[in-house]
Amino acid sequence: MMRRAVLLLIVVLALPSLAFASAQDEERKGEPYLRARIIDTDPMGTNMRDAPKGKILYNVPLHPKDDLERLVDVYEQRGDWFRVTNAGNGRSGWMHSSVLGLRGGAAEDGPCPLKRSPAEEAATIVTPAEGAVLQLLGFTDARDGVWFMVRYTDARGKKYEGWLPQQCE
């Protein structure tokens, strides 16, 4: 009997957060979570696939005629793969997290530190150098906005993983 009461309490407490997540998903339909950069430096270019680990649809050149081709809008994540649309040519497909990133920057109120968790009050891990390349690992739509999980490598080669708020994108 006690187990049922505890289970019921857990379900009741979880319902508001599930409704919140569902409402956010509805608001976001059709809108990208972010615009990421293709950070892959392979001279042969970067592959866009029809599905995670799927067949190659086309290759984005390392040095395209239109710089917008090195930017993609990110709509969805499945494991280490992101569903994207190329900002330069409008083609859609999937790219691996190892080829996508952001640039470290500053928000209106100063530098953007990496946090231990996706919350403003979370502890700061490190503040990346402005303009640093940050590999995109994932994202979450938290209560206080969208947060990006990124990997930052400092000038000495030390790697850090943490969360960056959307306003720092």
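**View A. E161 is partly exposed in this predicted model, with a relative accessible area of 40%, and is shown here with its salt-bridge partner, R151.** The model is a prediction. The side chains of R151 and E161 meet in a salt bridge, with a distance of 2.6 Å from N to O. Because R151 belongs to strand β13 (residues 145-153) and E161 to strand β14 (residues 159-165), the pair ties together parts that are ten residues apart in sequence. R151 counts as partly exposed as well, its relative accessibility being 26%, where the partly exposed class spans the range between under 20% (buried) and over 50% (exposed).

**View B. D154 and R156 form a salt bridge.** The closest N and O atoms of this pair are 3.1 Å apart. D154 is buried, with a relative accessible area of 11%, whereas R156 counts as exposed at 69% relative accessibility.

**View C. Salt bridges that share partners join E76, R78 and R83 into one network.** Within this group, the side chains of E76 and R78 meet in a salt bridge at 3.3 Å, N to O. E76 is partly exposed, with a relative accessible area of 25%, and R78 is likewise partly exposed, with a relative accessible area of 47%. A search of the whole structure finds five salt bridges, among them the one between E76 and R78.

**View D. The largest nonpolar core holds 29 residues, of which V74, M95 and L100 touch the most other members.** Strands that each supply at least two residues of this core are β1 (34-38), β3 (56-60), β4 (71-78), β5 (81-86), β7 (100-103), β12 (133-142), β13 and β14. The strand that gives the most to the core is β13, with four residues.

**View E. The surroundings of L100 are shown, with neighbours within four places in sequence left aside.** L100 is in contact with R37, I38, I39, V72, F82, V84, M95, L134, Q135 and L136. Of these, M95 is named with L100 and V74 among the core residues that touch the most other members, while Q135 lies in strand β12 and is the subject of the next view.

**View F. Q135, in strand β12, is buried, with a relative accessibility of 16%.** A polar atom of the Q135 side chain lies 3.3 Å from the backbone oxygen of S97. Not counting residues up to four places away in sequence, Q135 touches I39, S97, S98, L100, G101, M149, V150 and R151.

View G. Among the contacts in the chain with a separation of 6 or more, 53% are accounted for by residues 24 or more positions apart. The accessible surface of the chain comes to about 10,200 Å², and carbon and sulfur atoms make up 53% of that area.

How values were computed. Residues are numbered from 1 along each chain as its sequence is written. This is a predicted model: local features need pLDDT of at least 70, side-chain atom pairs count only at pLDDT 80 or more; totals for chains, interfaces and linings use all residues. Side-chain values use heavy atoms; hydrogens and water are left out. A salt bridge is a side-chain nitrogen of Lys or Arg within 4 Å of a carboxyl oxygen of Asp or Glu. Buried means under 20% relative accessible area, exposed over 50%, partly exposed in between (1.4 Å probe, protein chains only). A nonpolar core is a set of buried Ala, Val, Leu, Ile, Met, Phe, Trp, Tyr and Cys residues joined through side-chain atoms within 4.5 Å. Contact means heavy atoms within 4.5 Å. A polar contact is a pair of N or O atoms within 3.5 Å; within protein, one must be able to donate a hydrogen and the other to accept it, and residues adjacent in sequence count only if both atoms are side-chain atoms. Accessible areas come from the Shrake-Rupley method with a 1.4 Å probe; for residues, only the protein chains shown count as cover.
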